Amino acid sequence: MRKYERRRVLRGSAGGPPRAASCRALRSGSMAGAWMPAPVSGKLVPGDPPSVSRATRRLLATVLSPAMAAASPSVFLLMVNGQVESAQFPEHDDLYCKYCFVYGQDWAPTAGLEEGISQITSKSLDARRALVWNFPIDVTFKSTNPYGWPQIVLSVYGPDVFGNDVVRGYGAVHVPFSPGRHKRTVPMFVPESTSKLQKFTSWFMGRRPEYTDPKVVAQGEGREVTRVRSQGFVTLLFNVVTKDMKKLGYDTGPPDTQGVSGPSPPQGLPT
């Protein structure tokens, strides 16, 4: 009776033609994973899912991929624009400024310029005696990690008494972390010779001490063995926009309510 019932299941409830399978094949597992109509309920026996056509797969990929990418971004964007506004160097005139960005390994620029050089400017005729550049900054970064947040490195150059271009100041500051408009005043410094003889020789030859790579200003390695002297200030304006940082779990805080933030001008300098 058992053999007869099993063969009847394979035939089907309507007495149709027998399937090309036997009880022995079912026991051995050669038909495992196949989809077969159940004789009584008409449901599919559990096994592998039915195959999906290629056209359906392409349609699903076209519809779902942008939605999934928008729902779970893998990177965030940092958009920075602004300007190198002005500088205060009471002892020097006819200066120009270079800037470049220093960032970590997880960061990559996607648009804009990473470095630039301004025009030569002279001191204003008003009481401030400021060196005004208003040189624009515009760059966009992408990253997966806030470690290595971009810094802007400034290098100011000008002529000495012999007409040679020498460095008048180095400085660096981080790009502001919170979105909004920010103002930063960067103190500048210059390397000093280790002895009076070297100082006189460098002055006479027109080759003042300077860094071969200005980007070392944004790093801490080797700074303790460098003798420097403070000299001047540079004012920067930043407009910062971030995208998808909160979706990745980073909270940069609310934007500035007053519009402009930054340290007050140093005492002793005209505002």
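Biologist: Among contacts in the protein chain between residues at least 6 apart in sequence, what percentage join residues at least 24 apart?

Modeller: In this predicted model, the share is 73%. A contact here means heavy atoms within 4.5 Å.

Biologist: Nice start. Which elements does the protein chain have, and in what order do they run?

Modeller: There are 4 helices and 9 strands. From the N terminus the order is α-α-α-β-β-β-β-β-β-β-β-α-β.

Biologist: Happy with that. Now the interior: what makes a group of residues a nonpolar core?

Modeller: The members must be buried residues of the nonpolar kinds, joined through side-chain atoms within 4.5 Å. The largest such set here has 30 residues, and Val-84, Trp-133, Ile-152, Leu-154, Val-234 and Leu-236 have the most contacts inside it. Since buried means under 20% relative accessible area, each member of this core must fall under that limit.

Biologist: Which elements give two or more residues to this core?

Modeller: They are β1 (76–88), β2 (96–102), β5 (131–143), β6 (151–159), β8 (180–191) and β9. The most comes from β5, with 6 residues. Another core, of 11 residues, lies apart from the largest one, and Val-102, Val-167, Phe-189 and Tyr-211 are among its residues.

Biologist: What is Val-234 in contact with, beyond its neighbours within four places in sequence?

Modeller: Its partners include Val-84, Trp-133, Leu-154 and Val-186, and also Arg-184 and Thr-185.

Biologist: What makes you call β6 mostly covered?

Modeller: Of its 9 residues, 8 are buried. For the protein chain, 31% of the 271 residues count as buried.

Biologist: How do you know that β6 pairs with β2 and with β7?

Modeller: Pairing asks for at least two bridges. There are 7 bridges between β2 and β6, and 9 between β6 and β7 (residues 165–174), so both pairs qualify. Each pair runs antiparallel. For landmarks, Val-102 stands opposite Gln-151 in β6, and Ile-152 has Val-173 in β7 as its bridge partner.

Biologist: How many residues lie between β6 and β7 in their hairpin?

Modeller: There are 5, and Gly-163 in the turn has a positive phi of about 85°.

Terms used
Residues are numbered from 1 along each chain as its sequence is written. This is a predicted model: local features need pLDDT of at least 70, side-chain atom pairs count only at pLDDT 80 or more; totals for chains, interfaces and linings use all residues. Side-chain values use heavy atoms; hydrogens and water are left out. Buried means under 20% relative accessible area, exposed over 50%, partly exposed in between (1.4 Å probe, protein chains only).
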